[in-house]
Amino acid sequence: MPLGSPAAPEWLRAGTIWRLLGPINLFSRPRGSSLATQAWAGRHLLVLEGPAPQAMATAAISRRLPVRLLDDGYPGWIEVDALLGQAVSAQRPRNQLLDRSAIAKRLDGVVAWALAAQQQANSYLWGGSLGPDFDCSGLLQSAYASQGIWIPRDAYLQERFCQPVAVRPGVSQLMLPGDLIFFGTPQRCTHVGLHLGQGAYLHSSGSSNGHNGLAIDNLAPQNSNPVACHYRESLRGAGRVMRCHDGTALP
């Protein structure tokens, strides 16, 4: 199969790599509507398991295949027919591995991109990373990727990936714009926001304890807004992106 060949069911074999020509949804399971993430044009995926022979014989190409996005190592399931006409065969990509000094020069762009996303009509979408609808970690990953910086997909993975920065409500002097702020339980990180400066952060939150979309809150103890209070009480810490993710799968 020559490089650049358009995706076809008979070529979607295990181990083949495809570059996306347009956006696509990745699901969290072989069946059901639950999104895992979304991928945009230019990203690459690896097919982990090709279509079963019986599916090929009956032209039942709407089944899902397990894949892994190679830019961030994230797994999911795709609809085969959604990939047709939306991908071409490709080689394994290599992420640009920027160091902290190069990353720091791009953080103004990260923040500007996220603030521009907030200006669009949006609502919270679990698994959303294409916009205008995002989940919390999808917003952060997309904002960083817009400047050529790859970080992991999920909030708990982003927390592990970052260098810790000390923070507590009302004490945010050590944080810089572009740092990540993590929330959750003592056992697990479940939410993330983008620090804008002086303890203010932009995040995409759901409807139960949040804004149902992108909004700005802050860590000030005197802030009595119910959403700000909820997240302030579940503050876990903050982190700084020191390097680019190399695309390997993370546990």
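The following dialogue examines how terms are applied to one predicted model.

Tutor: Because this is a predicted model, local features need pLDDT of at least 70 and side-chain atom pairs count only at pLDDT 80 or more, while totals for chains, interfaces and linings use all residues. Residues are numbered from 1 along each chain as its sequence is written, and side-chain values use heavy atoms, with hydrogens and water left out.

Student: What makes a set of residues a nonpolar core, and which members of the largest one touch the most others?

Tutor: A nonpolar core is a set of buried Ala, Val, Leu, Ile, Met, Phe, Trp, Tyr and Cys residues joined through side-chain atoms within 4.5 Å. Buried means under 20% relative accessible area, exposed means over 50%, and partly exposed lies in between (1.4 Å probe, protein chains only). The largest such core has 29 residues, of which Tyr144, Ile149, Leu180 and Val241 touch the most other members. At least two residues each come from helix 4 (107-118), helix 5 (136-145), helix 6 (155-161), strand 9 (180-184) and strand 10 (189-197). Helices (H or I, at least four residues) and strands (E, at least two) are DSSP runs, numbered from the N terminus. A second, separate core of 16 residues includes Trp18, Leu20, Val67 and Leu83.

Student: Which residues is Ile149 in contact with, leaving aside its neighbours within four places in sequence?

Tutor: Contact means heavy atoms within 4.5 Å. With those neighbours set aside, Ile149 is in contact with Leu98, Ile103, Arg106, Val110, Tyr144, Val241 and Cys244.

Student: How do you know whether Cys189 and Cys244 are buried or exposed?

Tutor: The relative accessible area of Cys189 is 4%, so Cys189 is buried. For Cys244 the value is 5%, so Cys244 is buried.

Student: What makes strand 5 a partner of strand 4 and of strand 6?

Tutor: Two strands pair if DSSP finds at least two bridges between them. Strand 4 (residues 44-47) is joined to strand 5 by 3 bridges, and the two run antiparallel. Strand 5 is joined to strand 6 (residues 75-79) by 5 bridges, again antiparallel. Leu45 has Leu69 in strand 5 as its bridge partner, and Arg68 stands opposite Pro75 in strand 6.

Student: Why is the pair of Asp71 and Arg43 called a salt bridge?

Tutor: A salt bridge is a side-chain nitrogen of Lys or Arg within 4 Å of a carboxyl oxygen of Asp or Glu. In Asp71 and Arg43 the closest N and O atoms are 3.2 Å apart, and the pair forms a salt bridge. Asp71 lies in the loop between strand 5 and strand 6, and Arg43 in the loop between strand 3 (35-39) and strand 4, so the pair ties together parts that are 28 residues apart in sequence. Both Asp71 and Arg43 are buried. Arg43, Asp71 and Asp72 are linked in a network of salt bridges. By this rule there are 6 salt bridges.

Student: What makes Arg236 and Glu159 another such pair, and why are they called partly exposed?

Tutor: Their side chains meet in a salt bridge at 2.9 Å, N to O. Arg236 is in strand 13 (residues 235-240) and Glu159 is in helix 6, 77 residues apart. Arg236 has 33% relative accessibility, so Arg236 counts as partly exposed. Glu159 has a relative accessible area of 22%, so Glu159 is also partly exposed.

Student: What makes strand 8 and strand 12 edge strands?

Tutor: An open sheet of 6 strands has the order 8-13-9-10-11-12, with antiparallel pairing. Strand 8 and strand 12 (213-218) each pair on one side only, and they are the edge strands.
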